[in-house]
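Please keep the sequence and the structure in view while reading.

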Amino acid sequence: MTSRALRIGIDARELLGRPTGVGRYLSELLARWTRDPALAAHRLVLYAPEPLALGWIGAEGATVEPRVLPGGSGTRWEQLTLARAAADDDLTVYFAPAYQAPLRLRVPLVLSMHDVSFAARPQWFGWREGLRRRWLATWSARRAAAVLPLTAWSREEIVEHLGTPASRIHVVPPAVDTHPALARPAGGAAAASPEAGGPLVLYVGSIFNRRHVP
């Protein structure tokens, strides 16, 4: 980040309910940004259609401004309700953590895109869902000042399938943290040791064919 005080708009829908990978990714970023004293001058405007549970937010870094924008949580909300709020909030930059962003943004866009399976393997998605994802992701990536994949593999697929210039794609790998931002409930399911005494693998992601879990 720069020394200039920034007002960063963030689509925080992925923090609602039971967060999946993108929600965990965003929550960890916010936990760090709000705990780093070097970022204390910056403000993070979190947009969501419902109130957010932010008990894990820090106190010495960037300041958080939750904004509740009622009216659903889908593409219409993103492209109309969220776009209007972002235009009115005097943002410096907008951060989209989940593949797509409002197309009418007036400020620089930073876009996280973890993969482009919807473009590389369209047969894995229904035609309507696949078309929506491909169209919005492609235009968001073209609009973005910077696109942030997690791996070099994803960077190459973004270039190949979305046509995004490689010069605007910056690989930022995830990291292991001993102080997770999201608290895990106590008394969760315990993993039993294999009877044969072999290695035990803990898999914590969603089960999709494309992830080759077996």
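## Terms and basis

A residue is called buried when its relative accessible area is under 20%, exposed when it is over 50%, and partly exposed in between, using a 1.4 Å probe and protein chains only. The model is predicted, so local features need pLDDT of at least 70 and side-chain atom pairs count only at pLDDT 80 or more, whereas totals for chains, interfaces and linings use all residues. Residues are numbered from 1 along each chain as its sequence is written, and side-chain values use heavy atoms, with hydrogens and water left out.

## Two positive phi angles

Most residues other than glycine have a negative phi. Asp 90, which is not a glycine, has a positive phi near 50°, and its place is in the loop between α2 (75-88) and β4 (93-96); helices (H or I, at least four residues) and strands (E, at least two) are DSSP runs numbered from the N terminus. With a relative accessible area of 64%, Asp 90 is exposed.

Tyr 99 likewise has a positive phi, of about 80°, without being a glycine, and lies in the loop between β4 and β5 (109-112). In contrast to the exposed Asp 90, Tyr 99 is buried, with a relative accessible area of 16%.

## The two sides of helix α5

In helix α5 (residues 152-162), the buried residues are Ser 154, Glu 157, Ile 158 and Leu 162. They lie on the same side of α5 because they cover an arc of only 105° around the axis, the arc being that of the directions from the helix axis to the C-beta atoms. Trp 153 and Glu 160 are exposed on the face turned away from this buried side.

The cover over the buried residues of α5 includes α3 (117-120), α4 (127-143) and β6 (146-148), where contact means heavy atoms within 4.5 Å. After α5 comes Gly 163, with a positive phi near 75°.

## The second largest pocket

A pocket is an open set of points on a 1 Å grid over the protein atoms alone, with protein on both sides within 12 Å along at least five of seven lines, and its lining residues have an atom within 4 Å of a point. The second largest pocket holds about 250 Å³ of space. Its lining has 13 residues, of which Asp 115, Ser 117, Trp 124, Trp 153 and Glu 157 are the closest to the centre.

Both α3 and α5 give two or more residues to this lining, and α5 gives the most, with three.

Conventions:
1 Å grid on protein atoms, 1.4 Å probe; cavity = no way out; pocket = protein on both sides within 12 Å on 5 of 7 lines; lining within 4 Å. Points joined across faces, edges and corners; volume = space filled by probe spheres on them.
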